[in-house]
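Please look over the sequence and the model before reading on.

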Amino acid sequence: MFFMSTLWTVLGIIAGIVVLLVVFWASVYNRLVRLRNWSEESFSQVDVQLQRRNDLIPNLVETVKGYSKHESETLDAVVKARQQIVNLPMDATPEQKNELSNQLTGALSRLLAVAEAYPELKANQNYLDLQRSLEETEDLIAKARQIYNSSIGQYNTGIQTFPNSLVAGLSGFTPKAYLQAPAEAKEAPKVSF
């Protein structure tokens with residue numbers, strides 16, 4: 001009789017431990033899924049802003065084209081960079097999208113610099129509205145990238161800290177890469193008076 005009650009007690013303790021481990025595993029797993037989903041959602045916001053910029057570019061190019069007939073090389077670079085983004089496959093990684101986005105940002109910067117040489121273009125209300133919209137969109141892209149990188153930081157921390165790393169490793173969670181600024185953006189601008 002004593003042996004049976006002891007056996008039931010040990011089995012109860014083991015069952016309690018198993019239940020606690022299952023609850024722990026499920027709560028950690030669910031937290032990691034939430035972090036992963038937040039990182040994916042935050043990149044979709046970057047995507048939305050990139051699409052907004054892509055939608056503005058044809059109007060901007062057409063407006064500038066009317067004033068600067070001999071700047072076709074710069075205009076072609078913008079159109080080509082935009083087209084590369086439009087042609088990205090649906091399963092393109094955030095890093096691939098970011099790289100092409102950085103190329104487009106550089107081409108747009110050159111286009112806006114070219115526009116500075118045309119006073120009548122700078123006075124055109126349509127151009128000014130497009131330029132303002134593009135600048136707002138660039139700000140929104142920068143903010144969306146910051147949010148994405150923040151979500152990636154939380155996700156990566158979540159899967160790399162103990163004991164979460166045990167659940168993450170066995171459940172297939174892998175670290176994600178941050179979006180990086182292009183190398184030329186890290187260089188200090190040269191200013192001369």
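The model is predicted: local features require pLDDT of at least 70, side-chain atom pairs count only at pLDDT 80 or more, and totals for chains, interfaces and linings use all residues. Residues are numbered from 1 along each chain as its sequence is written, and side-chain values use heavy atoms, with hydrogens and water left out.

**Salt bridges**

A salt bridge is a side-chain nitrogen of Lys or Arg within 4 Å of a carboxyl oxygen of Asp or Glu. Six salt bridges are found in a search of the whole structure.

| Pair | Distance |
|---|---|
| Arg-53 and Glu-138 | 2.8 Å |
| Asp-129 and Arg-132 | 3.5 Å |
| Arg-132 and Glu-136 | 3.6 Å |

Helices here are DSSP runs (H or I, at least four residues), numbered from the N terminus. How exposed are the partners? Residues under 20% relative accessible area are called buried, those over 50% exposed, and those in between partly exposed (1.4 Å probe, protein chains only). Arg-53 is buried, with a relative accessible area of 0%, whereas Glu-138 is partly exposed at 22%.

The other two pairs in the table lie within helix α5. Asp-129 and Arg-132 are three residues apart there, about one turn of the helix. Arg-132 and Glu-136 are four residues apart in helix α5, and are therefore separated by about one helical turn. Asp-129 has a relative accessible area of 31% and is partly exposed; Arg-132, at 41%, is partly exposed, and Glu-136 is partly exposed at 37%. A network of salt bridges links Arg-52, Asp-129, Arg-132 and Glu-136.

Asn-54 lies in helix α1, which covers residues 2–67, and counts as buried because its relative accessibility is 2%. Contact means heavy atoms within 4.5 Å. Apart from its neighbours within four places in sequence, Asn-54 is in contact with Arg-82, Ile-85, Val-86 and Leu-104.

Arg-82 is placed in helix α2, residues 72–86. With neighbours within four places in sequence again set aside, the contacts of Arg-82 are Asn-54, Ile-57, Pro-58 and Leu-104.

**Helices α5 and α6**

Two packed helices are described by the angle between their axes and the distance between the axes. The axes of helix α5 (residues 125–160) and helix α6 (residues 164–171) come within 6 Å and cross at roughly 95°. Axes are lines fitted to C-alpha atoms, for helices over the stretch in contact, with angles running from 0 to 180 degrees between N-to-C directions. The two helices, α5 and α6, are therefore roughly perpendicular to each other, a term that applies from 65 to 115 degrees. Gly-158, Ile-159 and Gln-160 of α5 make the contact with Asn-164, Ser-165 and Ala-168 of α6.

Conventions: Parallel < 35°, antiparallel > 145°, perpendicular 65-115°, else oblique.
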